[in-house]
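Here are my notes on the model you sent over. Please read them with the structure open.

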Amino acid sequence: MVTDIQSANTPEDRPLARRTTARVSARTVVKPLRSVAIFGAVGALVAAVALPAYAASKPAENAATTVQQMAAVDAQSLVVASQATSAPLDRGTFTATTPDEIEKKKAEEAAAARAAAAASTASASSGGRTFDIGAYALVSPGSGEVRYPLPQGSYSVSRTVGGAHNGADMLAPQGTPIYAAAAGVVRQSAESIGGYGVAVMIDSVVGGQRVQTTYGHMTYGSRQVQAGESVAAGQLIGFVGSTGRSTANHLHFEVWVNGGLLEPIAWLAANAG
């Protein structure tokens with residue numbers, strides 16, 4: 001019986017059995033290799049993404065930089081502690097950047113200083129009464145919109161606003177020329193206007209504000225303008241005298257802005273420069 005079974009496995013069957021065994025063995029080997037290949041591909045992909053980023057974030061071994069080297073590259077960024085100071089840079093009060101703006105700023109500050117000095121003098125002359133100089137400036141000093149009514153250096157101020165006196169008395173020799181302080185229209189011009197004597201009154205607009213100026217005690221027959229006539233700033237309107245209620249040659253000069261009385265000398269300093 002055994003002999004019969006063994007004889008049933010013919011030589012033709014033995015190669016078939018070997019091929020089947022080889023096919024199974026090959027299949028068993030291929031599966032692990034395929035897994036290894038997949039894991040290898042995934043690992044290579046991860047390395048390709050991660051390594052450049054790691055290299056970019058990793059500081060170079062030679063990247064250490066000293067303060068001196070930084071200063072050599074960009075000297076503007078180096079601050080030496082021993083030379084640093086907390087004291088602010090003194091630029092004065094100027095914020096202008098061009099020569100013309102700087103000169104204008106200097107002129108304005110000089111005019112403000114003169115206005116303060118004039119206010120001090122006016123205060124002493126008016127029995128200690130003070131005035132708000134800051135409200136006097138209507139135009140830039142030296143712009144030409146406001147002029148002094150008498151030539152500079154030709155007069156001295158004997159008294160100004162105080163009590164019943166509404167103007168500044170500017171003592172000057174008889175015949176000294178009188179000029180319009182601002183452009184406008186002559187409201188009154190006569191040989192006798194109450195205590196003013198020979199006088200001229202002018203209505204103006206300065207810096208958008210209504211300004212009225214009065215020029216009193218002129219010499220008889222010296223008026224150069226008539227009522228209703230337009231005048232320019234600095235235009236000749238008459239000559240110093242001692243008419244009306246006056247005891248000496250002088251110009252009685254008044255300034256009213258929007259109906260309010262101002263001290264004339266400080267107003268001139270703030271606007272005429």
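**Notes on the predicted model**

1. Start with serine 246. This residue counts as buried, with a relative accessibility of 17%; the cut-off for buried is under 20%. Serine 246 sits in the loop that links strand S8 (236–239) to strand S9 (250–257). A polar atom of its side chain lies 2.8 Å from the backbone oxygen of alanine 248.

2. Keep confidence in mind. The model is predicted. Mean pLDDT for the protein chain is 73, and 52% of the residues reach 70 or more. Residues 1–8 have pLDDT below 50, and beyond near neighbours in sequence this stretch has one contact in the model. Residues 75–94 are also below 50; that stretch has ten contacts beyond near neighbours in sequence.

3. Now the overall make-up. The protein chain holds five helices and ten strands. Of its 273 residues, 30% are buried. The chain exposes about 16600 Å², and carbon and sulfur atoms supply 58% of that area. Take the contacts between residues at least 6 apart in sequence: 64% of them join residues at least 24 apart.

4. Strand pairing comes next. Strand S1 (residues 156–159) and strand S2 (residues 168–171) run antiparallel and are joined by three bridges. Valine 157 has methionine 170 of S2 as its bridge partner. S2 also pairs with S9, again in the antiparallel sense, over four bridges. Here methionine 170 is the residue to look at, with leucine 251 in S9 as its bridge partner.

5. Which residues have the most contacts inside the largest nonpolar core? They are Tyr215 and Ile237, in a core of 32 residues. The elements that give two or more residues to this core are S2, strand S5 (198–206), S6, S9 and H5. As background, nonpolar side chains tend to be buried together in soluble globular proteins.

6. Alanine 181 deserves a look. This residue is in the loop between strand S3 (177–179) and strand S4 (184–190). Alanine 181 is buried, at 0% relative accessibility. Apart from neighbours within four places in sequence, its contacts are Glu145, Val146, Arg147, Thr213, Tyr215, Ala233 and Phe253. One of these, Tyr215, is also among the residues with the most contacts inside the largest core. The C-alpha atom of alanine 181 is 9.8 Å from that of leucine 236, and the two residues are 55 apart along the chain.

7. Serine 222 is another loop residue, placed between strand S6 (209–218) and strand S7 (230–231). Is serine 222 buried or exposed? Serine 222 is buried, with a relative accessible area of 7%. Leaving out residues up to four places away in sequence, serine 222 touches Ile237, Gly238 and Phe239.

8. Finish at helix H5 (residues 264–271). Eight of its eight residues are buried, so the helix is largely enclosed by the rest of the structure. The buried set is Pro264, Ile265, Ala266, Trp267, Leu268, Ala269, Ala270 and Asn271. At the start of H5, a side-chain oxygen of glutamate 263 comes to within 3.1 Å of the backbone nitrogen of isoleucine 265. Glycine 273 follows H5, with a positive phi near 85°.

Definitions and conventions:
Residues are numbered from 1 along each chain as its sequence is written. This is a predicted model: local features need pLDDT of at least 70, side-chain atom pairs count only at pLDDT 80 or more; totals for chains, interfaces and linings use all residues. Side-chain values use heavy atoms; hydrogens and water are left out. pLDDT is the predictor's confidence in each residue, from 0 to 100. Contact means heavy atoms within 4.5 Å. Buried means under 20% relative accessible area, exposed over 50%, partly exposed in between (1.4 Å probe, protein chains only). A polar contact is a pair of N or O atoms within 3.5 Å; within protein, one must be able to donate a hydrogen and the other to accept it, and residues adjacent in sequence count only if both atoms are side-chain atoms. Two strands pair if DSSP finds at least two bridges between them. A nonpolar core is a set of buried Ala, Val, Leu, Ile, Met, Phe, Trp, Tyr and Cys residues joined through side-chain atoms within 4.5 Å. Accessible areas come from the Shrake-Rupley method with a 1.4 Å probe; for residues, only the protein chains shown count as cover.
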